[in-house]
Each structure stands twice: as structure tokens, then as C-alpha cells.
Amino acid sequence: MGIYLNPDNDGFRRAVRSEIYVDKTGLIALTNKYLDTEQQFICVSRPRRFGKSMALGMLAAYYSCGCDSRKLFGGMEIESDPTFEENLNQYEVIYLNMQHFLISAKDQSVTEYLEQKVVEEIRRVYGNLFSERETILAVILGEIYAVTGRKFVFLIDEWDCVMRERQESEGLQKQYLDFLRNLLKDQPYVALAYMTGILPVKKYGQHSALNMFWEFSMIDQSFFEKYTGFTETEVQELCERYAMDFAEAGSWYDGYQFTKYRHIYNPKSVVEAMHRRRFSNYWTSTETYDALKIYMDMDFDGLREDIVQMLGGERIRVNTQSFQNDMRNFRIKDDVLTLLIHLGYLAYDAEREEAFIPNREIVREFENAMSVGGWQEIMRILRASEKLLEDTLSGREESVAKGLERAHMEVASILTYHDENSLACAIGLAYYSARKDYRMIREMPAGDGFADIVFLPLPFCKKPAFVVELKYNKSAEAAIRQIKDRRYVQALAGYSGEILLVGIGYDKEKGSKVHRCKIERMIN
């Protein structure tokens with residue numbers, strides 16, 4: 001057993017022995033499927049603290065011939081898979097945590113330091129199979145394979161740390177990519193290469209050196225969706241076990257969605273919430289909000305407007321194809337938004353090619369980033385939202401009208417367009433504080449009704465549901481009639497209790513924005 005060559009199973013053993021362990025060993029059946037095939041190169045990128053290192057520890061424990069892991073996998077999903085016995089502890093494993101090499105290399109080249117440390121360890125085991133003068137890792141592995149016929153499984157953690165932490169060093173980045181290409185591409189000793197990071201493989205012109213990798217990112221996890229975070233079923237079981245409210249867990253940590261699994265939860269935050277018996281910001285607390293603010297404040301036309309719309313509950317269409325998979329080369333706003341998807345600050349609907357803020361935890365992080373300056377108009381709306389909600393639930397029509405008017409004026413000062421989307425955005429922001437107790441359901445604009453939004457109380461909330469409809473050049477009473485005539489309350493199917501109908505009339509023709517409000521109550 002070694003550090004880099006054939007590590008033991010201690011890392012995975014610690015995970016399994018933890019109070020909360022969610023069985024993700026089904027991932028091994030997938031990697032077994034691609035062993036020694038044209039798809040043997042796999043790059044899985046996810047946000048920080050989404051279980052990437054745990055997955056690598058699990059794969060190391062399974063494949064490494066340096067340990068006996070049979071008992072460790074007893075009773076787990078992979079044990080019943082037909083390939084379990086065939087590949088268990090049958091491979092030479094090389095485990096590389098690139099973050100450790102980057103930190104330890106200091107003034108030395110990262111790749112030179114890596115080769116030095118890994119070759120030292122390999123030499124202790126296979127030193128009789130290659131020359132003492134040989135120092136190139138790829139050459140040494142090739143000679144070992146030629147003599148023994150044994151293939152290697154490469155597990156690479158934090159593969160992209162050079163791109164993230166040495167953003168200005170293009171020479172270092174190219175050298176690093178060339179090193180990985182030489183180590184892995186077209187090498188007969190490779191049975192599997194599975195690497196993880198936050199970013200997908202770097203696009204670098206002719207240095208798109210790692211084009212043999214099959215990529216699975218937050219844009220499209222494909223076969224790996226189930227292993228990206230916690231599924232709805234897994235979180236529900238944890239909530240039952242720890243007597244925590246499942247709906248509130250979804251409000252805080254759900255929102256990442258893919259093609260098959262439409263509800264993926266942040267695993268770090270869920271585990272913390274279960275341990276502490278309290279919902280709060282756990283994932284975002286591991287990194288300063290300044291990291292998000294840097295990208296929010298980038299000067300790209302339309303970026304600020306898109307962020308405002310998403311804060312208001314909207315979804316934004318994003319072209320993810322131009323992104324260069326680094327944190328430096330941004331050409332258009334879509335590049336910034338794509339990076340925020342990879343970092344986990346935005347979720348992405350691949351079918352509609354739309355980005356959105358996934359949950360309450362991330363909304364809070366945007367709020368923190370805005371609070372330090374540059375977003376005063378939006379912060380004024382958010383701070384006033386608690387009073388607006390209170391006024392709405394209490395039926396104070398005049399106060400509600402004034403509150404929405406102020407929010408509408410603030411949003412209009414930011415957005416370059418003034419249509420139904422800007423009105424919907426204004427209402428979404430104005431009722432920002434409602435999100436802690438409500439699920440906001442956006443309806444499509446119809447006729448001359450521009451912003452019908454349903455607020456459905458979460459199961460733990462004892463407040464009434466309410467529907468908001470805004471109409472221009474018509475009365476608040478007309479807005480109420482439209483809610484009834486078009487049966488917007490049908491969006492509340494399954495809900496029983498009091499419903500508030502909130503009609504807002506907006507006089508578009510007058511010089512100043514004039515809003516009127518009418519609130520009615522009904523029982524569903």
C-alpha cells in the first residue's frame with residue numbers, strides 16, 4: 001500500500017463509518033462498464049463539496065490491489081452487480097490529488113514534483129523492471145506493463161486546480177495539459193482514467209489535449225446524474241430518520257436538475273442540516289461570498305439584468321458552448337453564467353437551456369454578495385419584502401400597492417426593457433422574503449395579464465396561499481376577475497385552506513407609476 005500507488009481503503013472506510021453515509025456504490029458498476037473500452041477516460045466535474053473526493057476514495061478502495069475491501073462493500077448496492085467480483089481489488093491504482101501537488105511543489109514545476117514523488121513510490125515496488133536513471137512516469141509505466149501485462153486505474157482529484165489557482169500562468173497550464181496527455185492518451189497501460197474537478201476539460205486551441213475524455217458536467221451529467229448529489233428519495237429517508245421537515249429541506253437545498261433526476265440536493269448541506277437538526281447556509285459558508293461577487297460585478301452587457309431576473313424567480317436562457325472551461329477567459333455574459341453553473345451558484349435545465357437560482361441557500365449567497373455595495377436598488381426591495389408580505393397577509397391594500405410600486409420603479413431603473421417580464425421580476429423580488437415559507441409558482445403571461453404568480457405555502461408553514469395578478473391600464477378589480485375567470489388557483493391543486501387573491505392595477509399611461517390593489521379572501 002502506498003500514498004499514490006495502490007492506496008489503502010481508509011478514506012472510504014471513514015466515509016462508511018460516518019453517522020450519515022448514503023450508498024453511492026452503484027457508480028462502480030458504471031466505471032466497470034467502461035474499463036478498457038473506448039470510453040475508459042471519464043471526467044466528472046461538479047461544484048465543491050459535492051462528494052467528488054468521496055467517490056474517488058470509494059473507487060480506490062474497490063480497484064486497488066493494495067487492500068482487501070470485500071467486507072467494506074458488504075451489503076451495498078455494488079455487491080449484487082455481476083461485475084463486483086471480477087474487478088474487486090484487481091488493478092494497480094495510481095491516485096493523484098493535484099491540489100496537494102500544486103501546494104507542495106512550491107518553486108518546483110508541479111508536473112516535475114508529481115513525477116518525482118510518484119516515481120519514488122513506484123520504484124520501491126517495481127524498481128527492478130526499469131532503469132534507475134529513468135524519471136519519466138509514462139515511460140516507467142509503459143515498461144512495467146510490457147513486463148507484467150498489468151494495467152493501471154488512474155484516479156485524479158482536483159484535476160482543474162491548476163486552471164483555477166494559476167489563472168495567469170498559461171505556460172504552466174499548457175505544460176500541465178501536455179503532461180496529462182502524454183501520461184494517459186493512447187497508452188496501453190491505462191485501464192481506466194477517472195478524474196474530477198469543478199471545471200470540465202480546458203479548451204485550449206491545439207492544446208485541447210485531453211479530447212479523449214468523456215465529459216460529465218453540471219451542464220449534462222448524463223449517466224452520472226444519480227451520483228451528482230443526493231436524490232429526492234435519499235433526502236426523504238434522511239429527513240424521516242432525523243425527524244426533519246422534507247419540504248423545508250427541499251426549499252433550502254434542492255433545485256439542481258438533470259434529464260432523469262429532476263431533484264438533486266446539495267449533499268454537504270443536507271448532511272450538515274441533519275447533524276445539526278437545523279436548516280441553514282452550510283455549503284456557502286465554506287467559501288467567502290466575495291468569490292461570487294467578483295463574477296456578479298463583471299461588466300458584460302445584460303449580465304446584471306439577468307441576475308436581477310433570476311433573483312426575481314425567472315429563468316434565463318444561456319448558451320454554454322462558448323465557455324473556455326477556465327476562470328479567466330470571459331468574452332460574453334454567457335461565459336460568466338456558465339461558470340456560475342459549474343460552481344453551483346446556478347442550476348441548469350439542459351432541455352430548455354435555461355439557468356436559474358436553485359434554492360434558498362444560494363439565494364442567500366447572492367443576497368450576501370449584493371449587500372457589500374453596487375446593488376443598492378435590489379437590496380432596498382429585498383429589505384422591504386418582509387413588510388410587503390406582512391401587509392399582503394393582513395389585507396392592507398394601500399400599503400401593498402405602494403410597496404409594489406416602489407419595487408416596480410427600482411427594477412425599472414435597472415432593466416433596459418419594460419414588458420411583462422420586468423413586471424413579473426418586480427413582483428418576484430418584492431415578495432423575496434416569502435420564499436422562506438412559500439413555493440413560488442410562475443404562470444405564463446396570457447392576454448393582458450402580465451404577472452400572475454402563485455405562492456403556495458410549504459407544509460411546515462401555517463400561512464394562507466395567495467395569488468398575485470398585475471394588469472396595466474385596468475383596475476385592480478379587473479385583475480381579481482382575471483384570477484377567477486382563468487382559474488389561476490388551479491395551480492394550488494391539493495391545497496386546502498385560505499387563499500388570498502391579490503389584484504394589482506397599473507396605470508401605464510400616467511407619467512408616474514400608479515398602482516392600485518384589491519385583496520379578496522376565499523377558501524379552497
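Mentor: Let us start with the cut-offs: a residue is called buried under 20% relative accessible area, exposed over 50%, and partly exposed in between. The model before you is predicted. With those limits, Arg317 counts as exposed because its relative accessibility is 56%.

Trainee: What share of the 524 residues in the protein chain is buried?

Mentor: Buried residues make up 57% of the chain. The protein chain holds 20 helices and 15 strands, and its C-alpha atoms fill a box of roughly 90 × 50 × 35 Å along the principal axes. Among contacts with a separation of 6 or more, 70% come from residues 24 or more positions apart.

Trainee: With which residue does Arg317 form a salt bridge?

Mentor: The general idea is a matter of distance: a side-chain nitrogen of Lys or Arg has to lie within 4 Å of a carboxyl oxygen of Asp or Glu. Arg317 meets this rule with Glu353, their closest N and O atoms being 3.0 Å apart. This pair links distant parts of the chain, since Arg317 is in strand 8 and Glu353 is in the loop between strand 9 and strand 10, 36 residues apart. Glu353 counts as partly exposed, at 34% relative accessibility. By this rule the count comes to 29 salt bridges.

Trainee: Which elements does the salt bridge between Arg380 and Glu410 tie together?

Mentor: The closest N and O atoms of Arg380 and Glu410 are 2.7 Å apart. Arg380 lies in helix 17 (residues 376-394) and Glu410 in helix 18 (residues 397-412), so the bridge ties together parts that are 30 residues apart in sequence. Arg380 is partly exposed, with a relative accessible area of 45%, whereas Glu410 is buried at 19%.

Trainee: How is a pocket found, and how much space lies in the second largest pocket?

Mentor: Rolling a probe the size of a water molecule over the atoms shows where empty space is left. In this model the second largest pocket holds about 1200 Å³ of space. Its lining has 46 residues, and Gly51, Lys52, Ser53, Met54 and Ala55 lie nearest its centre. The elements that give two or more residues to this lining are helix 1 (10-17), helix 3 (52-63) and helix 12 (267-276). Helix 3 gives the most, with 8 residues.

Trainee: How do the residues of that lining divide into nonpolar, polar and charged?

Mentor: The lining of the second largest pocket has 20 nonpolar, 11 polar and 15 charged residues.

Trainee: Why would one pick out a residue by its phi angle?

Mentor: Most residues other than glycine have a negative phi. Two residues here can be set beside that rule. Asp186 has a positive phi, near 60°; Asp186 sits in the loop between helix 9 (170-184) and strand 4 (190-197). At 69% relative accessibility, Asp186 counts as exposed. Ser222, likewise not a glycine, has a positive phi of about 50°. Ser222 belongs to the loop between strand 5 (214-216) and strand 6 (230-231), and Ser222 is partly exposed with a relative accessible area of 28%.

Trainee: How far apart are the C-alpha atoms of Glu85 and Glu498?

Mentor: Their C-alpha atoms are separated by 59 Å, and the two residues are 413 residues apart along the chain. Glu85 is placed in helix 4 (residues 84-87) and is partly exposed, with a relative accessible area of 46%.

Notes:
Residues numbered from 1 in each chain as written. Predicted model: local features only at pLDDT ≥ 70, side-chain atom pairs only at ≥ 80, totals over all residues. Heavy atoms only, no water. 1 Å grid on protein atoms, 1.4 Å probe; cavity = no way out; pocket = protein on both sides within 12 Å on 5 of 7 lines; lining within 4 Å. Points joined across faces, edges and corners; volume = space filled by probe spheres on them. Helix = DSSP H or I, 4+ residues; strand = E, 2+ residues; numbered from the N terminus. Nonpolar A, V, L, I, M, F, W, Y, C, P; charged D, E, K, R; others polar. Buried < 20%, exposed > 50% of the residue type's maximum accessible area, 1.4 Å probe, protein only. Contact = heavy atoms within 4.5 Å.
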